Every structure is written in C-alpha cells, then in structure tokens.
Amino acid sequence: MRSNRALKWLVGGPPFVFLVVFFLLPALIMVVASLRYPGDFGGLAPLFATRPGEEAGLTVESYQVFFSDWVYLEIFAKSFGVAALTTFVCLVMAYPLAALIARSPKRYRDLMVLLVVLPFASNFLVRVYAWMIMLGPFELLFSRFAVICGMVYVHLPFMILPLYTNLEKHDPTLLDAAQDLGAGAWQRFWRVTFPLSLPGIFSGAALVFIPVLGMFAIPEILGGKDDWIVGNMIKESFLGTRDWPFGSMLSLMLTIAVLAVAGAASWLAARGMRRA
Amino acid sequence: MALLEIRNVTRRFGPLAAVDNVSLSVEAGEFFTLLGPSGCGKTTLLRMIAGFDQPDAGTLLLDGEDMADTPPERRPIHTVFQSYALFPHMTVAQNIAFPLRMAGNAPDEIASKVNGALGLVHLEDKDRHYPHELSGGQKQRVALARSLVNRPRVLLLDEPLGALDAKLREEMQIELIAMQREVGITFVFVTHSQSEALALSSRIAVMNAGRVEQLDEPSRLYGFPRNRFVADFIGKINMLEGEVAAVEGDNVSLRVAGLGEVRCRSAAALRVGARAALALRPEQVRIGAAGEALELPNRYPGKVHDFLYVGDVTTYVVDLPNGQRLQALLPNSSAGRAQFFEAGDAVAAGWPAEAGVVLTD
C-alpha cells in the first residue's frame, strides 16, 4: 500500500512539477505583470520607484483602458465569431470524413489517418503562404474569407482525429438494432450515431476553437489590417507597442473568456444529455 | 396460411452455401427454434428474416407477402440481439420508447405502453437507469421489452441467453415461455443449446451445414430422430453400428460386431444387408449386478468403466464385450434402485427390443 503510494508520486510527480513551474507560475507572473506599469522601452516598470516621478508599483490602468473603449470588446467578439465559424466549418467537413475512415476496412484506416496528419510534415508558415498563392489570383486574399480558409485548413486534422477515434469505437450492432426497431437512415444518424459522438465533437471543438483564438500568423498573412483578432492584439502589445502589462491583461482576459465558454458548453452539454 | 413462410431460400458466401435450399413455415403464436452447431446457417437465416441480408434464391413471405423489397425498418419483425444492443445514451424508458417514437406514436400513448412493457419484464423501478447500471439479466429484459413494446408480428431472438450464467439462464427460460404466452407473439429463437431448445420450443428445426435435418416437436425429435446427426445432436445417445440381418414385419434384428444379433423394432422399410445403427438413449439401458437375470431380449455382460454422479441421476459408462462403451442413466432415488456400482464392477447391461431407433442415414 505504502509503496503503491510512493510509486504514484514517482510517476505523477515529474509532470506535476513541470506544470507548476512552467504553467502555473508563469500564469501567476502574467497576472502580476498585468497589474504593473510598462517600462520605458518595453518590459515592465520596477515595483519600487528608483527616481522621483517614476511610475512604479501596481496599477489597474491596463484594465481601465480595456473597459473604457468598445474596440477591445469588439475585437474579442470578432475573435470568438471567427473561432466559432472555423469550428463549425471544421466540424461539418470533418464528420463525414471521420465517419468514412471509421467504417473503412481496418487495413486502410491507418493509411487514411496518416494522410490526414501528413500536412504536418511541412512547415506551418509554408502552408499558409501557399494559400496566399492560391487565393491571390482570385482577388480573395486579405479578406475574412481568406482568414477562415486558412484557419479551417490548419485546424481540420484536430477535428478529424478525435471524431474518428470516437466513431471507430461505436458498436455497429446499435445501428442494426435501431434499423430493426423502425429507424430510417436519418433517424439512425440523428438518434444514435450523433449523440454517441458528442464527446468526440466536444474534444475536437476544443482543439480547434481555443488555438484559433490565439492564432496571429494566419490573420496577419491572409487577412487585411481590419481582420485582427485577439492573438494579433496580444502579439502587437508585446512586440509592437511594447506595452507588456496591456498584453498580459489581454492574455488573461482571453483565458477567462475561454474558460467561461468551455464552462458554458459543458453545462449545456450536461443539460442536453439529461433532456435527451 | 402460415404467418412466416420460407421457400427454397439459399444464401451463398463465396463457394459456401450458408443456407442451402431451406423451406419451412412458422405458424402464428408459435415458439419456433432454429437449432444447430455454430456455422450451420441459423444466424444467416435469422438475418434474412430480419431483412439485414437478402437470399440469393428463394422467397420469404410474411402473411403471404413477399418481403424482398421491404427494408428491415419497415418489417413488423423485431430482433433481440445476442449483445442486447441497448442504446447506451438512453435510459431504460427511452430505450423501450424508441420503436414507439419511430412509429410516430403520441407522447401519452408512448408513456403508457412503456409502463406496460416495464411491468411485463418486472423493471418498473429501473425506468430512469442507464444500461451500464443494469445487470446482464436486467439488460436482457430491457432488450425484450424494447422489441415487444410495439407488438411485432414476429420476434427474432439470436442466442439471447448465451451471455447469462446457468442459473439465470434457467430463470429466463421459464420467463420467456410465460412472456410468449402472455403476449401471444410468434417467437423465432436461435440457439446452439439443445437443452434450451427442448425446454422452450413448440417446434424445432435442427440445422446442419445450411440444411434443415429435421423439423419436429421437441419430444418427437428426442424420441424419433430421423438420422445420425439429429440423434447425436439432441441429447445423449449410444450408437450401435451394424447391418440388418433379418426383417419380420416390425421386428428387426441387427448384426453388430462382437454382440451378435441385436433385436429391435422399426416401422421403416429396411433392406437385409443394409448398414444401419441402433440409436439408444442412456435412460433406455438398464444395468444390474453381474449374476442378475435381466429379463430382456438384448443382454450382455459388461464392466463399469466409469460413472458420473450428478445428484438426481448417475450415468454409468459400461464396457461391452465388443469394446464399445455404452452409457446408462439411472435415477438415484427412485423406488427399486437396488444398487450403486463402482468403476471396475462386473455388471449386466440390457435393453428391450422396443427401445431405441434404427437409423440408416
């Protein structure tokens, strides 16, 4: 019993320490950073004034700026819109493909999964620039459409894989039973396959929705100047205007917003499950 | 007219005929069983009745109507699957309501029918449970209730008791019979267990290698098997191989190597010199102590090779003079049970002339 517990700590310890040091602590540093003044040339102003008149210590100025102008909330709303649309398009495109792979003969499945992840073998930026070349001649570049295309293209495998993993586990006898009991093709999908695939849909949606919010490269390369999303704003705060506290505050706001959306989604899902 | 009629149905998988020119008819209200070893074609036949598979030749008629163009979802035939196939994301009540919703019943009608079905299988208090919260026997009942709730014309059962332990299986057998009588729906039951088939069925079709070997009532199948396969498959049997030595009316004598002429009865037309076998049930064989004068036309000295005591009865395995082993079943507590024998004891074994069946196939 005792050695069992020791083993548990031995196995669970290193990743736990890793997460504390490289995730929890940085997150806390970010919270503190969002409450400080920006340094003169980037970075953060000191906590204690070293010369008279210097801005030092803690402040909620970044938050005041954020809430005093609608433009930031608008960018947040737009970002969530882009993420939601990307997630939806990914879902609609991934579902039939995942179902097709899951119902293929076993010996072809691994090959098909390999083809799904094959694009990862070439560099992400190269693939996004390829979209520039493809969309350019059609005058579609630097538009919302181009941004969504790029986002969907890059994130599609993250939707296909969890969906496939889920659909592959479905017991085909359940569909036989549903058909036997009077369900046509549409009813069999809607009442059996779809509800049973909800866990796959949720993990796929999380794997697409959250990274899209933080993505800045695709909007920057394929979108126009008006198509900034939160990711661009954060990147610009750190690397452009060099206002670290403001960037930290935006990151924190984004984290809170994502948690709120995820919480609402899982609450809705639980409620839906009870009703169904 | 029979409710379900199967006419010359054949289904091939590659060169193999899984179902080979089978014809049979099932009457309304019957408990009909397809019995056979695995791979005999019984499940293929069941899938064709359900509509999941189509025959390569022949027709399936329900109430005289060809079902070839009717998909499974439109056949008034439901199946209880071996794995139960309950929908894991639905409660017991939702599972049972499924066929009613598919048929477009009104909500209050669904509620009352679901309650009725829950009562039929004694699961009134489990309506809000999910399948993973139920025991094997309870899942089985839910599957039955779900398949019976909108009163199909025929209920197909694919080895539904296979996954239950022995005691529970016996209980479910008794319940199945009671349930079938109560609802009056025709059951077509598939099993490889001959004891299950004998216990449950009004008629049994014994299948082997895609063909029906014999179709009869359980007692006729047991008492009068038509050929060696059926005799061997249903119950335990001693097979004495020999050739027909003489025929006088119903009296037949069979020459068996090492035993001489064995006297038996047969109404069948037998040709002298033809190969035949006497199929003898263990309970038809009587044994006594070595010196005991068994007043039987067929009696032989023997030696107890081994015995199997199972409480109510004991099966003795007796070595006959020709080296053949004969099984004899003796009840343990009946009046007149004179003696118990040990392995190695010298005994006398015998049977009357009217015991057993003479088989040529």
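This is a predicted model: local features need pLDDT of at least 70, side-chain atom pairs count only at pLDDT 80 or more; totals for chains, interfaces and linings use all residues.

**Exercise 1. Trace the antiparallel pairings of E11(B), and then that of E12(B) with E13(B).**

Step 1. Six bridges connect strand E11 (residues 238-248) of chain B with strand E14 (residues 275-280) of chain B in the antiparallel sense. Within E14(B), B:Ala277 stands opposite B:Glu241.

Step 2. E11(B) also runs antiparallel to E12(B), to which five bridges join it. Here B:Glu243 has B:Arg255 of E12(B) as its bridge partner.

Step 3. E11(B) and E12(B) form a hairpin with two residues between them, and B:Gly249 in the turn has a positive phi of about 65°.

Step 4. Strand E12 (residues 251-256) of chain B pairs in turn with strand E13 (residues 260-265) of chain B, in the antiparallel sense and over six bridges. The bridge partner of B:Ser253 in E13(B) is B:Arg263.

Step 5. The hairpin of E12(B) and E13(B) has three residues between the strands, and B:Gly258 takes a positive phi near 85° there.

**Exercise 2. Classify the crossing of H7(A) and H8(A), and list the residues that make the contact.**

Step 1. The two axes come within 10 Å, and H7(A) and H8(A) cross at roughly 135°.

Step 2. Angles from 65 to 115 degrees count as roughly perpendicular and those over 145 as roughly antiparallel. H7(A) and H8(A) are therefore oblique to each other.

Step 3. The crossing of H7(A) and H8(A) is right-handed. From H7(A), the contact takes A:Leu174, A:Leu175, A:Ala178 and A:Gln179, and from H8(A) it takes A:Arg188, A:Arg191 and A:Val192.

Step 4. Sorted by class, the contact of H7(A) with H8(A) has four nonpolar, one polar and two charged residues.

**Exercise 3. Describe the side of chain A that touches chain B.**

Step 1. The contact between the chains involves 15 residues of chain A and 16 residues of chain B.

Step 2. On the side of chain A, the elements that give two or more residues are helix H7 (172-180) and helix H8 (185-214). H7(A) gives the most, with six residues.

Step 3. The residues on this side of chain A comprise eight nonpolar, five polar and two charged.

**Exercise 4. State the domain division of chain B and characterise the contact between its domains.**

Step 1. According to the domain assignment, chain B has domain 1 (4-231) and domain 2 (236-359).

Step 2. The C-alpha centres of domain 1 and domain 2 of chain B are 39 Å apart.

Step 3. Domain 1 of chain B supplies five residues to the contact and domain 2 of chain B supplies six residues. Those on the side of domain 1 divide into three nonpolar, one polar and one charged.

Note on methods:
Residues are numbered from 1 along each chain as its sequence is written. Chains are lettered from A and ligands numbered from 1 in the order in which they are written. Two strands pair if DSSP finds at least two bridges between them. Helices (H or I, at least four residues) and strands (E, at least two) are DSSP runs, numbered from the N terminus. Two residues are in contact if their C-beta atoms, placed from the backbone, lie within 7 Å. Ala, Val, Leu, Ile, Met, Phe, Trp, Tyr, Cys and Pro count as nonpolar, Asp, Glu, Lys and Arg as charged, and the others, Gly among them, as polar. Axes are lines fitted to C-alpha atoms, for helices over the stretch in contact, and angles run from 0 to 180 degrees between N-to-C directions. Angles under 35 degrees count as roughly parallel, over 145 as roughly antiparallel, 65 to 115 as roughly perpendicular and the rest as oblique. A crossing is left-handed if the near helix is turned anticlockwise from the far one by less than a right angle, and right-handed if clockwise. Domain bounds come from an automatic or database domain assignment.
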